[in-house]
Amino acid sequence: MKESKYLTIKEALEVDTTQVNLRGWVYRERKSNKFVFIVLRDGSDIIQCVISKSKNPEIFEKAEKLTIESSVKISGDLKKDDRAPTGYEVSVTDIEIIQIAEPFPITEYQSPELLYDNRHLWLRSRRLNSILKIRHTIVGAIHKFFRKNGYYEFDAPIFQPIMSEGGSTLFEVKYFKDTVYLSQSWQLYAEAGIFSLGKIYNMGPTFRAEKSKTSRHLSEFWMAEMEAAFMQLDEITEVAKDEIRFIIQQVLKHNRNELKILERDIDLLENYVKAEYPTIKYAEALDILNKKYDMNVPWGKDLRTIEEAKIAEHFKVPIVVTHYPTEIMGFYKPPSDEDPKEALCFDMLAPEGYCEIIGGSERSLLVKNMKERLRAEGEDPETYSWYFDLRRYGSVPHSGYGLGVERVVSWICGLDNIKDAIPFPRTMLRKSP
Ligand code: 4AD
Ligand code: MG
């Protein structure tokens, strides 16, 4: 076989050619006295291959040895076949076996736990392959969105001596003779970055020692954040809406095939690209919950998942909720001038039960108030002195938000559990493989 002329399966399905050389893994195999059928996969797609005993007795003998996940190089003639899974079949004229795989530990029906234990192998499944391709598009879309809109990529440290989202979810790390924490957010460092670059963004690993075992929480996840000097709440909520519409539009452009494999409702996604997303206040959200859904949520309580789900169900499109109670918000979220009980912050809630996908706010400029809030949380404001410097040298209103990449992947793919939105999930109960 000539090394130079290999096509990926996707290329083979697209080009107008009859003779192909392919390489990949046996995804499925079926043997009879006269034929061996294999479905070959190579990351790009799958294709059915058939080896006929009468036409090619020697190759048939080789093919009979193939097991699931064996690695092979195949040459053959490509022809249209409507019965084949991707519409074409290769009539094999030559096979080179690279390795005969041992019996594969994953068969058709498996418990979720076994699949997670074998995540390193399960990544090869069509389902995971499709999710990973959509994740790839989403990550690419986020970079594209911010870069085309004039944001600079800016990196923050992962080892941080401070917290931003509350001490209870910090991961402590021994740092030479000291203790530091793994990043809970890029934000506080970004607030320094904007005074140099104006509008910035980042996508990076984020860590939360979440003690919740829900289908929406990871302890290591990727957050895509933006921060911009001079912008205020009403501007960043519009940026967030545009970002989400752009991401979905890119997935629809590049991943129709994968969405079909995942049996995602494509019409719904198309509607999310066209739709206007409403912005309501927390107080209005309570009104809907209490009047329409009879829920009795008192002012001042954070919205739980079930309440977020109802709000999103009411609107059926992504929805922005602003002005949550100041008291239950992070120290950096400022009270509004009109009513200090309400903070200048927002969450974006996704429909179909996916709930919070984005959280953001204006940033407080009230140093004294922030120091009090920190002290109340048991923090020493001294450790944050560099952060307060930012309020001393040309302080300006500024705002930003963070988007949970796996939350968005879960929603767009229609997943039951956020663990499938990342190659190797980390949760309270899972840290391997
Ligand atoms: O709402 P959060 O906690 O906001 C922040 O961290 C801000 N500092 C961001 C900013 O303003 N720059 O987190 C932002 C988003 C959430 O809306 C959610 O989508 C996701 O990050 N997220 C998680 N995703 C998976 N697992 C977890 N444990 C998550 N915690 C937050
Ligand atoms: Mg939040």
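Begin with helix α5, which supplies four residues, the largest share of the lining of the largest cavity. The model is predicted, with local features requiring pLDDT of at least 70 and side-chain atom pairs pLDDT 80 or more, while totals for chains, interfaces and linings use all residues. Residues are numbered from 1 along each chain, ligands from 1 in the order written, and side-chain values use heavy atoms without hydrogens or water.

Keep the cavity in view: its volume is about 120 Å³. A cavity is a set of points on a 1 Å grid over the protein atoms alone where a 1.4 Å probe fits but cannot get out, and its lining residues have an atom within 4 Å of a point. Next select Gly 43, Asp 45, Arg 126, Asn 129 and Lys 133, the closest to the cavity centre among 15 lining residues. The lining comprises two nonpolar, six polar and seven charged residues.

Finally, display the side chains of Glu 165, Tyr 332 and Glu 356. A polar atom of Glu 165 lies 2.7 Å from a ligand nitrogen, and one of Tyr 332 lies 3.3 Å from a ligand nitrogen. In Glu 356, a side-chain N or O atom is 2.6 Å from an oxygen of ligand 1.

Technical notes:
A polar contact is a pair of N or O atoms within 3.5 Å; within protein, one must be able to donate a hydrogen and the other to accept it, and residues adjacent in sequence count only if both atoms are side-chain atoms. On a 1 Å grid over the protein atoms alone, a cavity is a set of points where a 1.4 Å probe fits but cannot get out, and a pocket is an open set with protein on both sides within 12 Å along at least five of seven lines; lining residues have an atom within 4 Å of a point. Grid points are joined across faces, edges and corners, and a volume is the space filled by probe spheres set on the points. Helices (H or I, at least four residues) and strands (E, at least two) are DSSP runs, numbered from the N terminus. Ala, Val, Leu, Ile, Met, Phe, Trp, Tyr, Cys and Pro count as nonpolar, Asp, Glu, Lys and Arg as charged, and the others, Gly among them, as polar.
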